[in-house]
There are 2 protein chains.
Amino acid sequence: MIKAAFLMVGLCFGAVPVAAQGIKIEQKISGLDTPWAMAILPDETVLVTEIDGRLLRFADGASHVVSGTPKVAENGQGGLLDITAARDFAISRTLFFTYAKPMQGGSGTALAAAELSADAQSLENLRDLFVMAQGSRAGRHFGSRVVEGSDGTLFVTIGDRGDDVKAQDRSTHNGSVIRVNRDGSVPGDNPFVGQDGILPEIWSFGHRNPQGAGLDFQGNMWVSEHGARGGDEVNRIQKGANFGWPVISYGRHYSGAKIGEGTAKPGMEQPAFYWDPSIAPSGLLVYSGTMFPEWDGDIFVGALKFNYIARLDGDPLVEAEQIMTDETDRVRDIVEAPDGAIWFISVGNGAIYRVAAK
Amino acid sequence: MIKAAFLMVGLCFGAVPVAAQGIKIEQKISGLDTPWAMAILPDETVLVTEIDGRLLRFADGASHVVSGTPKVAENGQGGLLDITAARDFAISRTLFFTYAKPMQGGSGTALAAAELSADAQSLENLRDLFVMAQGSRAGRHFGSRVVEGSDGTLFVTIGDRGDDVKAQDRSTHNGSVIRVNRDGSVPGDNPFVGQDGILPEIWSFGHRNPQGAGLDFQGNMWVSEHGARGGDEVNRIQKGANFGWPVISYGRHYSGAKIGEGTAKPGMEQPAFYWDPSIAPSGLLVYSGTMFPEWDGDIFVGALKFNYIARLDGDPLVEAEQIMTDETDRVRDIVEAPDGAIWFISVGNGAIYRVAAK
């Protein structure tokens, strides 16, 4: 399954610097259907979600389907979505998933946890930790990613389900980042606990469709989100903050119409970075490995549209590099392996690649 | 020294709601020269800084000058500035001060600590915890306020000293909020520790002249700052964030010229609230007392220009009320007393008032 691929960089936009010379990109897994996310376990086992609900396990040159996954609503962008291993996986064997859960009114983004059985054949003790309050029949903007915060709480990114005004309506979970404890309870220090008419799981709001998320070494959470045309964003998530959708955006509606009130408003957060033209970002990693010390703290974001990984660096952030191969087709997820290599899912050709130092 | 004053509300701007009926405002202290800040101790002793360097103590109907204050550079807006009592004052008797310290190149904003002697006649063990890296001969934009964070670290707001580009230059302390430990050392989790060319005390930057600061019940720090014309701001401080001065602002230069690049930019924070026309804000309190439960969490900001206290409420914040008396002349500081009453300094007539429930 290992196959060398050519490295191509800087071909999309002339102004972007060429990638570092010292990297190689290898295809590690192929033959996937519609992979959405991956987790690399401490023993380098790779787990991959397929949007149709299957969980695949790759280890020791073999692969199999892990049973016991949640029943998903496969509807447009919905299905089995993110996976991440708990920080204490070696002891707990706990995995976290996000998925589109069938529910009244259609489906809603949900967070589940389960333990991987000792033989790695099945999930055990599957339980929901969080389910969106309202279902929708819309097939888009589910989000989602799950990130384990530095304090062990769980953050989940949720899209607006195409119902943009709900991103400002905190009586719904649409268009928000939510935070729950590992047992599904609501942390007492969530920003809106006890406030009438606001769902207590909400940590930040005014998001459109956040499909990438990661923690930096200081414990800050960063999110990539699909904006409207010309308004894809990277945001540094702040407790209680309003990220402005659909009141403000650097994008325009696909019709060309202006969005909301413009690009900024007091009390609403500015993006840390935005892309115009849009790249359709999905999958975000803040790098913290030792394999590429020069990338420490850099933010990597996958592009579904232009088939590359953007490396963002600096303050303010700039797109310092574009990483891709001649085969890369729609980058869906990016993760860091225990050895510091960067793995990514190329969904268009159903493959997974490893970026490593030469 | 107690004198009733008439309550006037809503006279400056027609659209602002009238104050709650159930409050009274009494003059408590008069005859001050140029008071800058006050602290109310657990026993209701009132300490007041005068910009010329004196510290006054009011208790049991008498007043005296407390000796042992720092030697200040009295230059324009500089002098003895803020005072706050440590949260553990009853045990430690520690007070924190900010002041303009004479130094090479002119003067710089500094943070000092000292203990109030048992007889309350003098300060003991006066020591600097922080001094700006660069002095300046400019007489403006010193800031400053000191706030004890919920974790016991100390935040100090510092103005740009009129040298606006330095607010973006993190190799200087100009235009920043800094954070130090109570012994003056730098906390290891400050956002820029270990980054070349950035002073490690910096917590946030891009500020113009922040002269009000307070903590909310969640430990968030809020700051009021003097902007250029039409750009006075209230900001919720975020670790590592850039508040944009002089690149972005809702104000204009007093000449009428546009400032920087406009009102917003990715990677730079929007204000939580701004005033146009400017009010010259100084003194900020996030209310947490029991005397006015309906004001819990509201933000009070003093206006040097329009002689009132703005009460900000809601999400997004709106100016819900204006509080003043017929004597109020330039509100410099606002503090909450142990009983939940709100005290404020009216610098123009050298007096201190108490706002209490009827």
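Predicted model: local features only at pLDDT ≥ 70, side-chain atom pairs only at ≥ 80, totals over all residues.
Figure 1. When its neighbours within four places in sequence are left aside, the residues in contact with Thr172(A) are Gln134(A), Lys166(A), Leu199(A) and Ile202(A).

**Figure 2. The salt bridge between Arg182(A) and Glu148(A).** The closest N and O atoms of Arg182(A) and Glu148(A) are 3.8 Å apart, and the two residues form a salt bridge. Because Arg182(A) belongs to the loop between strand E14 (176-180) and strand E15 (202-205) of chain A, while Glu148(A) belongs to strand E12 (residues 146-148) of that chain, the pair ties together parts that are 34 residues apart in sequence. The two partners fall into separate accessibility classes: Arg182(A) is partly exposed, its relative accessible area being 27%, whereas Glu148(A), at 11% relative accessibility, counts as buried.

**Figure 3. The salt bridge between Arg87(B) and Glu148(B).** In chain B, Glu148(B) is joined in a salt bridge to Arg87(B), with a separation of 4.0 Å between the closest N and O atoms. Arg87(B) is in the loop between strand E8 (80-85) and helix H1 (89-92) of chain B, and Glu148(B) is in strand E12 (residues 146-148) of chain B, so this pair ties together parts that lie 61 residues apart in sequence. Arg87(B) counts as exposed at 53% relative accessibility, whereas Glu148(B) is buried, with a relative accessible area of 11%.

**Figure 4. The salt bridge between Asp189(B) and Arg179(B).** The side chains of Asp189(B) and Arg179(B) meet in a salt bridge with an N to O distance of 2.9 Å. The pair links distant parts of the chain, ten residues apart, with Asp189(B) in the loop between strand E14 (176-180) and strand E15 (202-205) of chain B and Arg179(B) in strand E14 of chain B. Asp189(B) is partly exposed, at 41% relative accessibility, while Arg179(B) is buried, at 2% relative accessibility. Elsewhere, in chain A, salt bridges that share partners join Asp33(A), Glu50(A), Asp52(A) and Arg54(A) into one network. Over all chains, the structure holds 38 salt bridges.

**Figure 5. Thr328(B) in the loop between strands E23 and E24.** Thr328(B) is located in the loop that lies between strand E23 (318-325) and strand E24 (331-336) of chain B. At 7% relative accessibility, Thr328(B) counts as buried, and its side chain reaches the backbone nitrogen of Thr325(B) at 2.8 Å. If residues up to four places away in sequence are not counted, Thr328(B) touches Asn307(B), Phe344(B) and Ser346(B).

**Figure 6. Glu26(B) and Ile352(B).** Glu26(B) is found in strand E3 (residues 23-29) of chain B, where it counts as partly exposed at 23% relative accessibility. Although Glu26(B) and Ile352(B) are 326 residues apart along the chain, their C-alpha atoms are separated by 8.6 Å.

Figure 7. Chain A can be laid on chain B with an RMSD of 0.0 Å by a turn of 180 degrees together with a shift of 0.0 Å along the axis, which is the relation of a two-fold axis. The same surface serves both copies, in that 100% of the contact residues of chain A recur in chain B. The contact takes 24 residues from chain A and 24 residues from chain B, and the area buried between the two chains is about 1,700 Å², of which carbon and sulfur atoms give 41%.

**Figure 8. Charged and polar pairs between chain A and chain B.** Across the interface of chain A and chain B, two salt bridges are found. In a salt bridge between the chains, the side chain of Asp315(B) meets that of Arg170(A), at an N to O distance of 2.9 Å. Nine residue pairs are in polar contact between chain A and chain B, counting pairs with both residues at pLDDT 80 or more. Sorted by class, the side of chain A that touches chain B has eleven nonpolar, six polar and seven charged residues.

Conventions:
Residues numbered from 1 in each chain as written. Chains lettered and ligands numbered in written order. Heavy atoms only, no water. Least-squares fit on C-alpha atoms with pLDDT ≥ 70 in both. Contact = heavy atoms within 4.5 Å. Buried area = accessible area lost by both parts, 1.4 Å probe. Polar contact = N/O pair within 3.5 Å; in protein donor to acceptor, adjacent residues only side chain to side chain. Nonpolar A, V, L, I, M, F, W, Y, C, P; charged D, E, K, R; others polar. Helix = DSSP H or I, 4+ residues; strand = E, 2+ residues; numbered from the N terminus. Buried < 20%, exposed > 50% of the residue type's maximum accessible area, 1.4 Å probe, protein only.
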